[in-house]
Amino acid sequence: MAPPDDEGKALEGKLDDKELERKMKKDQKAKEKAEKKLKAQQKEAARLQAQVTSDGSKKSEKKQKKKDADDENPVDFIDPLTPPGEKKLLSHQMAKQYSPSAVEKSWYAWWEASGYFVADNSSPKPPFVIVLPPPNVTGALHIGHGLTAAIQDTIIRWRRMSGYNTLWVPGIDHAGIATQVVVEKKLMRERKLTRHDIGRENFVSEVWKWKNQYGGTILTQERRLGASLDWSRECFTMDEKRSNAVTEAFVRLYKEGLIYRDNRLVNWDCTLRTAISDIEVDYKEIKEETLLKVPGYDRPVQFGVLTSFAYPLEGGLGEIIVATTRIETMLGDTAIAIHSKDERYKHLHGKYAIHPFNGRRLPIICDDELVDPSFGTGAVKITPAHDPNDFEVGKRHKLDFINIFTDEGNINSNGGSDFEGMPRFKARVAVTEALQAKGLYRGSQKNEMNLGICSRSNDVVEPMIKPQWFVSCDSMAKQALEAVRCKKIEIIPQQYEQDWYRWLENIRDWCISRQLWWGHQIPAWYVTMEDDQLKDMGSYNDHWVVARNKVEALSEAKGRFSGKKFQINQDPDVLDTWFSSGLFPLSVLGWPDDTVDFRAFYPTSVLETGHDILFFWVARMVMLGMRLGGDVPFRKVYLHPMIRDAHGRKMSKSLGNVVDPLEVINGISLEGLHKRLEEGNLDPNELATAKEGQKKDFPNGIAECGADALRFALIAYTAQSDKINLDVLRVVGYRQWCNKLWNAIRFAMGKLGDNYTPPSTIVVHSMPSVCKWILSVLNKAVAKTVSSLESYKFSDATTAVYSWWQFQLCDVFIEAIKPYFFNDSEEFKSSREASRDALWICLDTGLRLLHPFMPFVTEELWQRLPQPADTCRKDSIMISEYPSVQEEWTNEQIESEMEIVIGTVRKLRSLRPANDKNERYPSFALCRGSDIAATVRSNEFQIVTLASISSLKILTEDDAPPAGCAIDVVNENLSVYLQLQGALNAEAEIEKLRKKREDIYKQQSILSQKINASGYKEKAPQSVQEEDMKKLNSLMEELKIISEAEKDLDQLIDGGN
């Protein structure tokens, strides 16, 4: 007996013999059935191709995706780990969804390692140079830096791709006051010591330690934004080369008579005990009596109050009443000013008032420039040493300048023994009480005012006279004015030119000394001679020598004070940070040395910064650059808007509305936002307010948006030329748009296929009309983007790129070509091949067009595109060629036809019932004229596809309008009908037509007003008048069509009743 297995096989053989004929017949029937089924499928496919809809293709794609999902390996969708600095390794399959963190990983390190950011100072290419405004060494990346980086990197990447030798120089500012404050707080927090406890040398050493450990992290953060800076040229305003440049500039300007030392009024910070620049003064608007916390005071201080008091007049002539918001400064009053024509005080000309606390005689002076006789009492107290206006009055009338404050803000001996040693705001109360006691107090009232507060210390700024170093600005300001007037420098937006002229025409000399320890110590030495009666530094203004170093200073002192015994000491003050920043375009390129970089790259091309520092930094760079560098430091100045929150409020930690760009890039929860606030130094009340603000604006935190979306949003916002009201939701919207790009490439990769090779040339005229159209509108997008970038209209550039990708490529072209890829039928073979070529060109060109704005996602997607076989493609999109207009792609006729097609599709889609978007309905196009009929007929396939309708029948004016249809007007020559049958709501359709009529009436009214306006016929070009009449007639025709449609719908309603 055979084993069981063999027995089974034997039985199977017998069965095969018996049923062979039957099985053959069964197989034949199955084959015939399959063939029949295949024919039916082919017939159905042909029908669908004639009536194809995007919904149909989506359904088939979904089925295919479901089938393919079973065979997918999840590992194929994950990028392999890329070694640092090497080209990013991409996953075998594109991930199904865009992930910013995955896409933006590894590319920057490879770009940097490949040397793509480095400029060549011997290159024959034309140079294009930007100097990054140096952020503070103490700084963390804030949204203003994000805007600066986004704009500048867009410019640099575009110019690099356009064939320029681009240089973008990174640098860090030593930030004198800001850094000193940070390190002083650290000393106090960790060691309970002040800088005076450890001495200058040790303190400066501590600052350098802090700088080397913590400073400069902001430049690392710039990398996260994709900033393609030339890191090989990174510099610091206090490194050796920049310090030498600062010393050289000071010495040269001094020897040319442009730097001098004088007693002048400065902004004095009593907490920091230094003069501060105007830009470091914030102004708080006070509307009424207000109590504010001031550093060093236990209780809040009163502001916003105008106090009146009387000065007794000499010789028993009575009294004269004055008013002030700073009553304590009356201790330093040296005169009272009136208007020469004020009848009330004519009898007091040449008379005196008596100071009630020290008996000082105060002359009554006439100063028509200062005094407004209609304001207050018409008499003004004059404190020349503590008020800018009074300072000028004091100079005009040769008054005494009496300083009543110590550097700490206490009353000094000049203020009188009753008040000496009092802090200034405690003296405010004491002086008021003393005036009341003498019967001289005359009351107080609320007073609106702008209070100057130091942005670094939050202390109230005190105007004080101090011996300081100044730059004489008149001659340099004239050069800077002329540079803009004669267009050697162009300011963009142009509106800021008037601000430039106004400021420079009224410029004051610039105080450049600061009483700090961190910064460039002033290269001036004071010579103290043995026989000097006064030994304090600075007692004699002619004892200063300015030199590059101590040896040079000693040599000059010996020459000037020959035969005398003396010693020299360097001025302990340091230079204003803006002085070294003002030299930045010079110093970063090697000045004062005649370097190859300086010869190749100076002047730079453009200075991009915020409009708030037009004067403090931009003007000073121009003045110093022209004086020391021999030419303007840059050819153009682009001033970006200031960023506010979505509600238009200034960003403030206390409001909780500060947006950290890294939190937008990476995403953060509401709890994370709260934690950041808690780590700050807000008081409990401010913290509660700030948290509430965050909860309102970011209830779900901030979604991960990525650098590309943030950059694009910020650049798009520049249309708001003065202030940007930043809504993070708009950034989220662009992150979602990145996903749209991602899906477009995924679709394309599937349709191009693994074996597709792009052609080196294409023949446009043989392509389907939709391919001709997409290339023609791509041409326009390229032209608009380039022209917008050239004119610094960055928002227009983003609009051009976005509109083409979103509304033309994704919404129209990709949807229109889907039927060509439904199967491999011969009917669409040539269209399919042409569509592949057009699609590849669009993606390659479109990604290069978009790259300067969104560097990461465009690099990743571009790397996935197949490359032509016979061309040598660049390794990176960032060094490939920026798109330019291809004349042979331009086709105005096709664009005009597609405009009608898209208008038709839009109207048909709008007619679909809101709750029934998937149903396909028959439609009709009523064409008034053979030309419009020909256009619709030749594009019938695209209209059916894009509008998701079952059929399109063309009607002429002789045909009766179809019944049961919704109607809309495309233009005066074309109306469309959608046959909804039972789904038609006639009343709703009449309401739509009514709104359409109202809209046309509005357009008609505006156009009629324009045409009938005075001077229109004389001034408007004939072509414009003809176009306007054409529009007006078109609107009239549309009104007729609407009237006819309303009549038909009324009949339908009447018939139904």
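Tyr 638 is found in strand E27, which covers residues 634-640, and in this predicted model the residue is buried, with a relative accessible area of 5%. Around this residue the chain is folded back on itself, as Tyr 638 and Pro 493 are 145 residues apart in sequence and yet 6.8 Å apart in space, C-alpha to C-alpha.

**Surroundings of Tyr 638**
- Not counting residues up to four places away in sequence, Tyr 638 touches Ile 151, Ile 492, Val 606, Leu 607, Glu 608, Thr 609, Thr 718, Tyr 792 and Phe 794.
- With a relative accessible area of 5%, Tyr 638 falls under the 20% limit and therefore counts as buried.

- In soluble globular proteins, nonpolar side chains tend to be buried together.
- The largest nonpolar core has 160 residues, and those with the most contacts inside it are Leu 726, Trp 773, Trp 805 and Phe 813.
- Helix H24, which runs over residues 728-752, gives the most to this core, with 13 residues.
- Phe 813, one of the residues with the most contacts inside the largest core, is in contact with Val 770, Cys 771, Trp 773, Ile 774, Gln 808, Ser 835, Ala 838 and Leu 839, once its neighbours within four places in sequence are left aside.
- A second, separate core has 66 residues, among them Trp 469, Trp 544, Met 621 and Phe 634.

**Packing of H25 with H27**
- Helix H25 (residues 769-790) and helix H27 (residues 829-850) pack with their axes 10 Å apart and at an angle of about 10°, which means that H25 is roughly parallel to H27.
- On the side of H25 the contact is made by Cys 771, Ile 774, Leu 775, Leu 778, Ala 781, Val 782 and Thr 785, while H27 brings Ala 834, Ser 835, Ala 838, Ile 841, Cys 842, Thr 845 and Leu 849.
- Sorted by class, the residues in the contact of H25 with H27 are 11 nonpolar and three polar, with no charged residues.

**Packing of H13 with H19**
- The axes of helix H13 (residues 474-485) and helix H19 (residues 614-629) come within 9 Å and cross at roughly 100°, so H13 is roughly perpendicular to H19.
- H13 takes part in the contact through Ser 475, Met 476, Ala 477, Gln 479, Ala 480 and Ala 483, and H19 through Val 622, Met 623, Met 626 and Arg 627.
- By class, the contact of H13 with H19 has seven nonpolar, two polar and one charged residues.

**Two further buried residues**
- Ile 218 has its place in helix H9, residues 217-224, and is buried, with a relative accessible area of 0%.
- The C-alpha atoms of Ile 218 and Leu 141 are separated by 5.5 Å, although these residues are 77 residues apart along the chain.
- Thr 179 lies in helix H6, residues 176-191, and is likewise buried, with a relative accessible area of 0%.
- Leaving out residues up to four places away in sequence, Thr 179 touches Val 137, Thr 138, His 174, Val 207, Trp 210 and Trp 518.

**Features of the backbone**
- The peptide bond from Trp 591 to Pro 592 is cis, with omega near 15°, and Pro 592 is found in the loop between helix H17 (584-587) and helix H18 (596-601).
- Another cis peptide bond joins Tyr 602 and Pro 603, with omega about 0°, and the place of Pro 603 is in the loop between H18 and strand E26 (604-610).
- Ala 175 has a phi near 50°, a positive value in a residue other than glycine; Ala 175 sits in the loop between strand E3 (171-172) and H6, and at 4% relative accessibility Ala 175 counts as buried.
- Arg 273 has a positive phi of about 55° although it is not a glycine; Arg 273 belongs to the loop between strand E5 (259-269) and strand E6 (274-276), and is partly exposed, with a relative accessible area of 30%.

Definitions and conventions:
Residues are numbered from 1 along each chain as its sequence is written. This is a predicted model: local features need pLDDT of at least 70, side-chain atom pairs count only at pLDDT 80 or more; totals for chains, interfaces and linings use all residues. Side-chain values use heavy atoms; hydrogens and water are left out. A nonpolar core is a set of buried Ala, Val, Leu, Ile, Met, Phe, Trp, Tyr and Cys residues joined through side-chain atoms within 4.5 Å. Buried means under 20% relative accessible area, exposed over 50%, partly exposed in between (1.4 Å probe, protein chains only). Helices (H or I, at least four residues) and strands (E, at least two) are DSSP runs, numbered from the N terminus. Contact means heavy atoms within 4.5 Å. Axes are lines fitted to C-alpha atoms, for helices over the stretch in contact, and angles run from 0 to 180 degrees between N-to-C directions. Angles under 35 degrees count as roughly parallel, over 145 as roughly antiparallel, 65 to 115 as roughly perpendicular and the rest as oblique. Ala, Val, Leu, Ile, Met, Phe, Trp, Tyr, Cys and Pro count as nonpolar, Asp, Glu, Lys and Arg as charged, and the others, Gly among them, as polar.
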